[in-house]
Amino acid sequence: GKKVCGLLAEVGSSSEGAFIVIGVGVNVNTRDFPEEIAATATSLCLEVDGGKREMDRTSLAGGLLHRLHQEFSRSSDDLFVGAMEEVRERSFLMGKTVRAFVDGAECFGRVMDLNPDGHLVLMMPDGSRRELSSAENVRAVV
């Protein structure tokens, strides 16, 4: 129920075709978190053995890059469809009410789905649906 990593993905296009930029952050050996996120954040070492020993970040990064290479070696259509299904199944945010900042304005809504382009679909308090193609600081409301 706590967050151990974060992912930021942006899709774009150029004269050479479509591309995706992915940023990954993983809390590996962190044992203490700032007060404002301590209730919601954790790390791999804390989850594996209660923080008794440090994990090998080089091996973890190598394994992550290997797995990403395997995934990206599939055709682009299969990759995107498979990734969307997996995100739906694994996302901590699905079904939760979240707070996000869109163009500097705060908004609240319940995460309902991802649209075919991978945008977060929220059910707003007034019953309307809103699709977020980008947002900052999306967090579940505890």
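Tutor: In this predicted model, helices (H or I, at least four residues) and strands (E, at least two) are DSSP runs, numbered from the N terminus.

Student: Between which two elements does the loop holding Asp32 lie?

Tutor: Asp32 is placed by the elements on either side of its loop. The strand on one side is β2 and the helix on the other is α1, so the loop runs between β2 and α1.

Student: Is Asp32 buried or exposed?

Tutor: The cut-off for exposed is over 50% relative accessible area. Asp32 has a relative accessibility of 69%, so Asp32 counts as exposed.

Student: Is Asn29 buried or exposed?

Tutor: Asn29 lies in the loop between β2 (17-26) and α1 (44-49). Buried means under 20% relative accessible area. The relative accessible area of Asn29 is 14%, so Asn29 is buried.

Student: How many Å apart are the end C-alpha atoms of helix α2?

Tutor: Helix α2 covers residues 57-72, which is 16 residues. The expected span is 1.5 Å times one less than the number of residues, which means 22 Å for α2. The end C-alpha atoms agree with this, being apart by 22 Å.

Student: Which residue caps the N-terminal end of α2?

Tutor: The cap is made by a side-chain oxygen, 3.0 Å from the backbone nitrogen of Thr58. That oxygen belongs to Asp56.

Student: Over how many bridges do β1 and β2 pair?

Tutor: A hairpin joins β1 to β2 through 2 residues. Cys5 stands opposite Val26 in β2. Strand β1 (residues 5-14) pairs with β2 in the antiparallel sense, and the number of bridges is 10.

Student: What is the phi of Asp103?

Tutor: Most residues other than glycine have a negative phi. Asp103, in the loop between β3 (97-102) and β4 (105-114), is not a glycine, yet its phi is positive. Its value is about 55 degrees.

Student: Over the ring of which residue does the charged end of Lys96 sit?

Tutor: A charge counts as sitting over a ring if it is within 6 Å of the ring centre and within 35 degrees of the ring normal. The charged end of Lys96 is 4.4 Å from the centre of the ring of Phe92.

Technical notes: Residues numbered from 1 in each chain as written. Predicted model: local features only at pLDDT ≥ 70, side-chain atom pairs only at ≥ 80, totals over all residues. Heavy atoms only, no water. Buried < 20%, exposed > 50% of the residue type's maximum accessible area, 1.4 Å probe, protein only. Polar contact = N/O pair within 3.5 Å; in protein donor to acceptor, adjacent residues only side chain to side chain. Pairing = 2+ DSSP bridges.
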